[in-house]
Amino acid sequence: MQEAELHDLADDADYAASQQQGSASLMRSDSSRRSSGSEPDGAEVVYLKDNVTIHPTQYASERISGRLKLTKQGPSLFMTWIPYKGQGSNAKLSERDRNLYTIRAVPFTEVRSIRRHTPTIGWQYIIVVLSSGLAFPPLYFYNGGVREFLATIKLHVYLVRSAEDANVFLVNDIQDRLQRTLSSLELPGAVGVASGLSSSLPVGESLSIANQERTDGGSFDGSASHVQNNGRQRQKVQDPARDLSIQVLEKFSLVTRFARETTSQIFGESHSDGYGASERRAHNQTPHNYSSSGISNDVEKVPDEVPVASDPLEFEKLTLELGKPRQAPLMSNEWSTFFDSEGRITDSEALRKRIFYGGVDYMLRKEVWPFLLGYHPFDSTYAEREYLVSVKKTEYETIKNQWQSISSDQAKRFTKFRERKGLVEKDVVRTDRSFSFYDGDDNPNVNLLRDILLTYSFYNFDLGYCQGMSDLLSPILFVMKNESESFWCFVALMERLGPNFNRDQNGMHTQLFALSKLVELLDSPLHNYFKQNDCLNYFFCFRWVLIQFKREFEFERTMRLWEVMWTRYMSEHLHLYFCVAILKRYRRKIMGEQMDFDTLLKFINELSGQIDLDATLRDAEALCVCAGENGEACIPPGTPPSLPIGDGSLYPQQDDDIL
């Protein structure tokens, strides 16, 4: 794919106007707010906007308003968002909730892109995407000010519009190809090539702004939005230019171990590495000799362990008391006893309980999974299911024909189709290629994976295709081994997990917020540790939640975990209790070694292939029972994978320019 040409903001009439009058108004704006003494010495507030709001849930009563601020100190620009306190604030939300969403002084050297949304009805909002690929919650501008915000940024950092999406503005994007290559790898010593465009603030100055914000009308105890330079990950989910780093990583021999660590935030191991979980561990333990002294100096010293607060639940004892042992998988002879003479499942609750504790025999999954996913109703008959399969096959072929009938001349004039097709084709050839079902050149199953994903992008126009969907489809296609039925099972799964891929990441943020509340409920010392170490955003669990632990287990164990979660027997949100169970299993190591966000993130990613599935499921069950109604109260209604509330669109935040 040809590298997209990047254009300056001057091609936008809004920005042309704002450059003339908006920036001038910024220079004239209330000088007292810049030099009032509320900022550290040498710091200057260059932009300030009130009534900028975050929407944690769909409920208007839970919106959190605050003040957005851009601060310049030395050569660096920082962004801060502080929720209001006291009168005029949301009285229903606790102080901890406000802290969770607070954004500290984030340097723009850590920002990759800013996306501007201008819906036909409603407020403008922006999404700030970090270099790690993670994003802050959308910031809604109730009183306008987006143009001024972007114009101010442009005055202080290198900001360009992406040619691929007119609403995306890339921060510190380096146009020279060599510089881009070095920047995307983030090798030690390479960052200096681009130092003319942006410069990192010394640690002392960075801390001075962060400490000052603590006394500037808001509290930062609960936010953990600042991603450090060390160990920062680069591969992105929504960044229009994200494929650049993939291309570089595939072509450079220096990315065996070091680059995997620096690109592992959401997709911890690149699709292209060709390793399964056990092979990855063996590969990562292979010694490598690097000539760069910067790399050799990157080895971290393991800190001395410190005393760890005891687990208030006595976790080991709790699991033995409340977590039941795993059973043998459901076999075909037992499966047949759940049906009446016409093919209806007579006791769906008993069936779901049986699968929850034992899973399903691999030979039986093709029959059972459509029920668990909701493609086949439990009360449907043999005849009804046979008819449904026939009708759905015709419907699938109709949708598939829509994109297959696009001629090459049409495709030349259909940018979004070309982009999506290109993205799907890149991803499927990197998905589970170490697994025999998808192994080898010209594998027809890889082609089926591509066709199903392209067809889904036409079936669900609003959501389209996002990286990570191929991970969710791959096991389904392996089990069903039928194109149409795999598609409809995937559709049923995406009805629940689709919000994980929303552009504003609200589905993900809601789940991570719920996870933080569960940890607070079930292990307050661990929660307080995360709070003290700026880890309350739980971004280190992002990959777990996004693709349902797909990268943490080998293929067979992933399927076993999924079918257990799909029963929704103990809870619709068992995956969150599963996260808590893992964190509690490693709490002594996390707290004892005083892991900060970066160390914790690296540690979590390296757990891939090392988690005991059966033991963790038993732990998760015990935690779910222990939490009871209090646990369910921690999870907002409509949190994925719960079905969305009401009749509204699943993906209302997408722009009109999306296919």
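Contact here means heavy atoms within 4.5 Å. The structure is a predicted model, in which local features need pLDDT of at least 70 and side-chain atom pairs count only at pLDDT 80 or more, while totals for chains, interfaces and linings use all residues. Residues are numbered from 1 along each chain as its sequence is written, and side-chain values use heavy atoms, with hydrogens and water left out.

The chain has 27 helices and nine strands; these are DSSP runs numbered from the N terminus, helices being H or I of at least four residues and strands E of at least two. Of its 659 residues, 56% count as buried, that is, under 20% relative accessible area, with exposed meaning over 50% and partly exposed in between (1.4 Å probe, protein chains only). Among contacts between residues at least 6 apart in sequence, 75% join residues at least 24 apart.

Helix α13 (residues 365-373) is mostly covered, with seven of its nine residues buried. Those residues are R365, V368, W369, P370, F371, L372 and L373. The elements that cover them include α11 (332-335), α12 (348-358), α14 (382-404), α18 (469-480), α19 (483-497) and α23 (555-566). After α13 comes G374, with a positive phi near 95°.

Helix α16 (residues 415-428) has 14 residues and should span 20 Å at 1.5 Å a residue; its end C-alpha atoms are 20 Å apart, which agrees. The expected span is 1.5 Å times one less than the number of residues. In α16, K416, F417, R420, L423, V424, D427 and V428 are buried. They cover an arc of only 135° around the axis, which puts them on the same side of α16; the arc is that of the directions from the helix axis to the C-beta atoms. An α-helix has 3.6 residues a turn, so residues three or four places apart point the same way.

Helix α20 (residues 506-522) and helix α27 (residues 613-633) pack at an angle of about 110°, with their axes 11 Å apart. Axes are lines fitted to C-alpha atoms, for helices over the stretch in contact, and angles run from 0 to 180 degrees between N-to-C directions. The two helices are therefore roughly perpendicular to each other, a term for angles of 65 to 115 degrees. L518, L521 and L522 in α20 meet L623, C626, A627, N630 and G631 in α27. The residues of this contact divide into six nonpolar, two polar and no charged. Ala, Val, Leu, Ile, Met, Phe, Trp, Tyr, Cys and Pro count as nonpolar, Asp, Glu, Lys and Arg as charged, and the others, Gly among them, as polar.

Key:
Angles under 35 degrees count as roughly parallel, over 145 as roughly antiparallel, 65 to 115 as roughly perpendicular and the rest as oblique.
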